[in-house]
Amino acid sequence: CIAPKSAAPIDVDVTVAMNGYDWVSSPHKYGYVPMIRMHGITPSALPVDVPFTVHITGENFQYPTELMCKLGLAISSKATILNENLIECFIPPIHQAGVV
């Protein structure tokens, strides 16, 4: 299915029709959420082979319950939402220098 656009964050009912007119209701909801936008990351560089915590500023970080962070080839890690404009990510050691 292709979900239509929504002008605002909202949860909507889900219904399905196998023949185009006999609609079956579902107890499930489909949620439209605000788009996450990233503005910056601090620090902008990390030492090689050292675990580190970074802070990412942006917008709309309040909704996702499974927000994750990943820098380059690092293993992804769960983000902690500090407020709607700031998340904190623990970055495991990266064993190779480079741009991410």
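This is a predicted model: local features need pLDDT of at least 70, side-chain atom pairs count only at pLDDT 80 or more; totals for chains, interfaces and linings use all residues.
**A walk through the model**

The count of aromatic pairs here comes to 1. That pair is made by Tyr-30 and Tyr-32, whose ring centres lie 5.2 Å apart with planes at 80°, so the arrangement is edge-to-face. A pair of aromatic rings is described by the distance of the centres and the angle of the planes. Are the two tyrosines buried or exposed? Tyr-30 is partly exposed, because its relative accessible area is 39%, while Tyr-32 counts as buried, because its value of 18% is under the 20% limit.

Let us turn to strand E7, which spans residues 86-91. In a regular strand the side chains alternate between the two faces of the sheet. E7 has a covered face made of Ile-87, Cys-89 and Ile-91, and an uncovered face with Leu-86, Glu-88 and Phe-90.

Now for the partners of this strand. E4 and E7 run antiparallel and are joined by 6 bridges; one of the places to look is Phe-52, whose bridge partner in E7 is Ile-91. Strand E6, residues 77-83, is antiparallel to E7 too, with 4 bridges between them. Asn-83 has Leu-86 as its bridge partner in E7, and a hairpin of 2 residues connects E6 to E7.

Which residues make up the largest nonpolar core? There are 10 of them: Val-54, Ile-56, Phe-61, Leu-67, Cys-69, Leu-71, Ala-79, Ile-87, Cys-89 and Ile-91. In soluble globular proteins, nonpolar side chains tend to be buried together.

How many disulfides does a search of the whole structure find? The search turns up 1, formed by Cys-69 and Cys-89, with their sulfur atoms 1.6 Å apart. The bond links distant parts of the chain: Cys-69 belongs to strand E5 (residues 68-69) and Cys-89 to strand E7, 20 residues apart. Both cysteines are buried.

To finish, follow the surroundings of Cys-69. Leaving aside neighbours within four places in sequence, Cys-69 is in contact with Ile-56, Ile-75, Ser-76, Ser-77, Ala-79, Ile-87, Cys-89 and Ile-91. Among these contacts you will meet Ile-87, Cys-89 and Ile-91 again, the residues of the covered face of E7.

Notes
Residues are numbered from 1 along each chain as its sequence is written. Side-chain values use heavy atoms; hydrogens and water are left out. A nonpolar core is a set of buried Ala, Val, Leu, Ile, Met, Phe, Trp, Tyr and Cys residues joined through side-chain atoms within 4.5 Å. Buried means under 20% relative accessible area, exposed over 50%, partly exposed in between (1.4 Å probe, protein chains only). Contact means heavy atoms within 4.5 Å. Rings of Phe, Tyr and Trp (its six-membered ring) pair if their centres lie within 6.5 Å; planes under 30 degrees apart count as stacked, over 60 as edge-to-face and the rest as tilted. Two strands pair if DSSP finds at least two bridges between them. A disulfide is a pair of cysteine sulfur atoms within 2.5 Å.
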